[in-house]
Amino acid sequence: MRLLIAGCGDLGTRLGLRWIDAGGHVLAWRRQPKGLPVSFERAAVDLGRPIPASAFDGEITAIAYVASADARTPEAYRQIYVDGLKRLLDALPSACSRLVFASSTAVYGEDRGGWVDEASSTLPASFNGEVLLEAEALLRDVPLAASARLSGLYGPGRE
């Protein structure tokens, strides 16, 4: 099974290594693929720009969209989460319909330590939650697509 990791940063790299340990293959997309594990197939793909047809080289079984915005601004979030996901969906080979989108608990709007789960209301309190909720809506008609609303995601140097 071949997994495409679109936006392969820290989270994507960890996911990819586990996928390989389980016997799979990884195609990692990243603006600058240098530094990714040698066990990954790598491609320089900027999700903020049109996706070249050659980026889908070979069969893809599943996709993990784990991109992150360049800046914490509404424009940067929209470019990567909404526009980037649209570009991927438009370019997606029809044979692949398994997709997981890394979203955030920011879509709930709860920021005072309250409990949230899948049944909680989505009332984002800030632009990032609003944009992510809009991106999630793009997946409603994609078979076998899901949003994973992750919390407390921080990368190296942002702990």
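Here are legends for a few close-up views of this predicted model.

**View 1. Six strands line up in an open sheet.**
Start with the sheet and read across it: the strands come in the order S3-S2-S1-S4-S5-S6, and their pairing is parallel. At the edges you'll find S3 (41–44) and S6 (145–150). Each of these two has just a single partner strand, so one side of each is left without a neighbour in the sheet. Step from one strand to the next and the twist averages 20°.

**View 2. Strands S1 and S2 pair up in the parallel sense.**
Now zoom in on two strands of the sheet. S1 covers residues 2–6 and S2 covers residues 25–30, and five bridges link them.

**View 3. Helix H3 has a set of buried residues.**
H3 runs through residues 127–137, and its buried residues are Asn128, Gly129, Val131, Leu132, Ala135 and Glu136. Look down the axis of H3 and you'll see these buried residues fall within an arc of 165°, so they line one face of the helix. What covers them? H2, S5 and S6 are included in the cover over the buried residues of H3.

**View 4. Helices H2 and H3 meet.**
The axes of these two helices come within 9 Å and cross at roughly 10°. Angles under 35 degrees count as roughly parallel, so that is how H2 runs relative to H3. From H2, the residues making the contact are Pro74, Tyr77, Arg78, Tyr81, Val82 and Leu85. On the H3 side, they meet Phe127, Asn128, Val131, Leu132, Glu134 and Ala135. Sort the residues of this contact by type and you get nine nonpolar, one polar and two charged.

**View 5. Ser54 sits in a loop.**
Finally, look between S3 and S4, where the loop holds Ser54. Is Ser54 buried or exposed? Its relative accessibility is 61%, and the cut-off for exposed is over 50%, so Ser54 counts as exposed. For a sense of distance, find Gly24 as well: Ser54 and Gly24 are 30 residues apart along the chain, and their C-alpha atoms are separated by 21 Å.

Conventions:
Residues numbered from 1 in each chain as written. Predicted model: local features only at pLDDT ≥ 70, side-chain atom pairs only at ≥ 80, totals over all residues. Heavy atoms only, no water. Pairing = 2+ DSSP bridges. Helix = DSSP H or I, 4+ residues; strand = E, 2+ residues; numbered from the N terminus. Axes fitted to C-alpha atoms, helices over the stretch in contact; angles between N-to-C directions. Buried < 20%, exposed > 50% of the residue type's maximum accessible area, 1.4 Å probe, protein only. Arc of directions from axis to C-beta. Contact = heavy atoms within 4.5 Å. Parallel < 35°, antiparallel > 145°, perpendicular 65-115°, else oblique. Nonpolar A, V, L, I, M, F, W, Y, C, P; charged D, E, K, R; others polar.
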